Amino acid sequence: MADILEMTSSDISPARDDILENLGIPSGQELSSTVEELITEALGLFDRTCSPRAIYAPVTVSEFSGIYHGEGLNDQKTPLGDMYEQAREIVLFALTIGKEITEKISGLFLDDNLALAGVLDATASAGAETAADRVEAHYWDREISAELKKNAPDIYRFAPGYCGWHITGQKKLFRFLDPGKIGITLLPSYMMSPLKSLSGAIIVTEKSSTFGNAYNVCKQCVTHWCRTRKKIFQEYGG
Amino acid sequence: MEILDRISEMLQRGDTGKVSALVKESLTENIPAKQVLDGGLIRGMQVIGEQYRLHEIFLPDVLLAAKAMYAGMDILKPSFIKEGMPSLGKVVIGTVQGDLHDIGKNLVGIMLKGAGFEVIDLGNNVAPESFVETARKERASVIGMSALLTTTMPVMAQVVELLKAQRLVGTIKTIIGGAPVTKEYAQEIGADAYSFDSADAVETVKALVKPA
Ligand code: B1M
């Protein structure tokens, strides 16, 4: 059974550093007052134009196996592929921050309000990621038993299109979860509309992994977000 | 000329108001519009492009400067009514069919305009036929395609194939880019060029339109 999580824009207001990162600005960089004003304006617009919603559903290992293998195009060896069979909980999710914000960004570009459009785009992308963090935290708070929490399990998030899970995996994920209920459609190219949407699987496992560089996808990865996110979650959420 | 230096400088600061005022002033001083465009606006954007390439400034600074450039160009436009706005060439750009991402494509378009190209932006989710038809009708010299998903990259190959079928290869050049796109992919599908970012795209398109 899938649940719908309604969020508010303030629930998913992105961190300043995440916005800057999306703009290619190193954290700690001093900014001109004009750019500071743009960020403030973009955050205000974000607040008024996004309408974040998520849909999520726990799945069994065997259900997930079918979904994960998707169209048979995954990398041969992936962190998710090696992990999910031992998972204590697997949750599929999809979320969107709505179509109004994407339309607003396009409108600003068309009106030649270029800088605000660029900063709002970066804010919206960071907001979508924050919404995924929120879904993860919500699931942890509401659905994980006290007993499992006591064992301090790890929690990971994977998405089709990342970490060796092929983007065509979207097809089976959508068939199972039906994100149409929250207004997300999947195009034949596997792209979701509205643009600022995300999908994936949350894995709760007692079998810790740092992945090292045992996987080709990890060797090629430049962000290693999974590792940082895990650390942050342990410090604040877990 | 001092006023052109000031236009370039104000553009680099992203000061739309001052750029507009100075462009108007230069026209009342009877400075030819083409000179204002090249020596003020485009020169300022060139500096911005170079600073961005060297990571001395960041995306919002580039976009602020581009906005100032557009404002200046709007004031100059009526002066070019007869012969049309001078340009380095026409480029048709778009994000390929099935793909809705467009920020990267927008940035490439902005930088190309800033460098003095005429840009026809078809938006996102653009069908191969639409790229080719528009480029043919508009007599564009370059088609620029952007894709952010591996699943939509094959549309780029379809555009190249259509150009081949219509014997337009060589007349209309192609450049491709976007996160999953590589130089090797461009070679594999027979595109004329690949570019990894918007500043590089400007240099690459300039090279594409340069007479052999
Ligand atoms: C004509 O000539 C040219 C020349 C140069 C050209 C050019 C044309 N076009 C572009 N360029 C170049 O110049 C531009 C300016 O310098 C550059 O343009 P870009 O568009 O690349 O750059 C932009 C200015 C900024 N860059 C971006 O906005 C994209 C950055 C990355 C990190 C990214 C982001 C931010 C997002 N995403 Co996602 N996202 C990624 C991206 C990874 C990456 N490192 O690029 C990518 C594109 N995403 C990916 C995926 C998988 C996904 N994302 C998703 C979601 C998201 C967010 C919503 C969180 C967010 C917003 C996306 C958006 N564009 O609005 C999902 C899809 C969303 C959807 N609607 O379907 C989802 C499917 C994940 C999921 N399961 O939910 C990957 C695609 C992989 C694939 N197989 O195709 C991805 C490459 C990440 C990865 N795995 O490395 C250059 O590429």
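Which residues does Thr102(A) touch, not counting residues up to four places away in sequence? Thr102(A) touches Leu195(A) and Lys196(A), where contact means heavy atoms within 4.5 Å. This tour begins there, after two notes on conventions.

The model is predicted, and local features need pLDDT of at least 70, side-chain atom pairs count only at pLDDT 80 or more, and totals for chains, interfaces and linings use all residues. Residues are numbered from 1 along each chain as its sequence is written, chains are lettered from A and ligands numbered from 1 in the order in which they are written, and side-chain values use heavy atoms, with hydrogens and water left out.

**Stop 1**

Select Thr102(A), which lies in helix α5 of chain A, residues 99-110. Helices (H or I, at least four residues) and strands (E, at least two) are DSSP runs, numbered from the N terminus. With a relative accessible area of 18%, Thr102(A) is buried; buried means under 20% relative accessible area, exposed over 50%, and partly exposed in between (1.4 Å probe, protein chains only).

Ser125(A) belongs to helix α6 of chain A, residues 114-143, and is partly exposed at a relative accessible area of 25%. Select Met83(A) as well: the C-alpha atoms of Ser125(A) and Met83(A) are 28 Å apart in space, and the two residues are 42 apart in sequence.

**Stop 1: Phe46(A)**

Move to helix α2 of chain A, residues 33-49, and select Phe46(A). Its relative accessibility is 1%, so Phe46(A) counts as buried. Leaving aside neighbours within four places in sequence, the contacts of Phe46(A) include Ser9(A), Ile12(A), Pro14(A), Ile101(A), Leu120(A) and Ala124(A). Ile97(A) is also one of these contacts; Phe46(A) and Ile97(A) are 51 residues apart in sequence, with 9.6 Å from C-alpha to C-alpha.

**Stop 2: two backbone features of chain A**

Select Ser193(A) and Pro194(A), which are joined by a cis peptide bond with omega of about 0°. Pro194(A) is in the loop between β6 (192-193) and β7 (197-205) of chain A.

Tyr190(A) is in the loop between β5 (185-186) and β6 of chain A. Phi of Tyr190(A) is near 75°, a positive value in a residue other than glycine. Tyr190(A) is buried, at a relative accessible area of 18%.

**Stop 3: the cysteines**

A disulfide is a pair of cysteine sulfur atoms within 2.5 Å, and a search of the whole structure finds 0 disulfides over all chains. Cys163(A) is partly exposed at 31% relative accessibility, and Cys221(A) is partly exposed at 29%.

**Stop 4: where chain A meets chain B**

Display both chains: 24 residues of chain A are in contact with 20 residues of chain B. The chains bury about 1,900 Å² between them, 78% of it on carbon and sulfur atoms. Buried area is the accessible area (1.4 Å probe) that two parts lose on being put together, summed over both. On the chain A side, select Phe109(A), Leu114(A) and Met191(A), which lose the most area to chain B, together 28% of what that side buries.

**Stop 5: a helix pair in chain B**

Two packed helices are described by the angle between their axes and the distance between the axes. Select helices α2 (residues 16-28) and α3 (residues 33-53) of chain B, which pack at an angle of about 145° with their axes 10 Å apart. Axes are lines fitted to C-alpha atoms, for helices over the stretch in contact, and angles run from 0 to 180 degrees between N-to-C directions. At this contact, Val19(B), Val23(B), Ser26(B) and Leu27(B) of α2(B) meet Ala33(B), Val36(B) and Leu41(B) of α3(B).

Asn30(B) lies in the loop between α2 and α3 of chain B. Asn30(B) is exposed, with a relative accessible area of 66%, and its phi is near 65°, a positive value in a residue other than glycine.

**Stop 6: Gly123(B)**

Finish in the loop between β2 (118-121) and α6 (128-137) of chain B, where Gly123(B) is found. Gly123(B) counts as buried at 19% relative accessibility. Not counting residues up to four places away in sequence, Gly123(B) touches Ile93(B), Gly94(B), Thr95(B) and Lys105(B).
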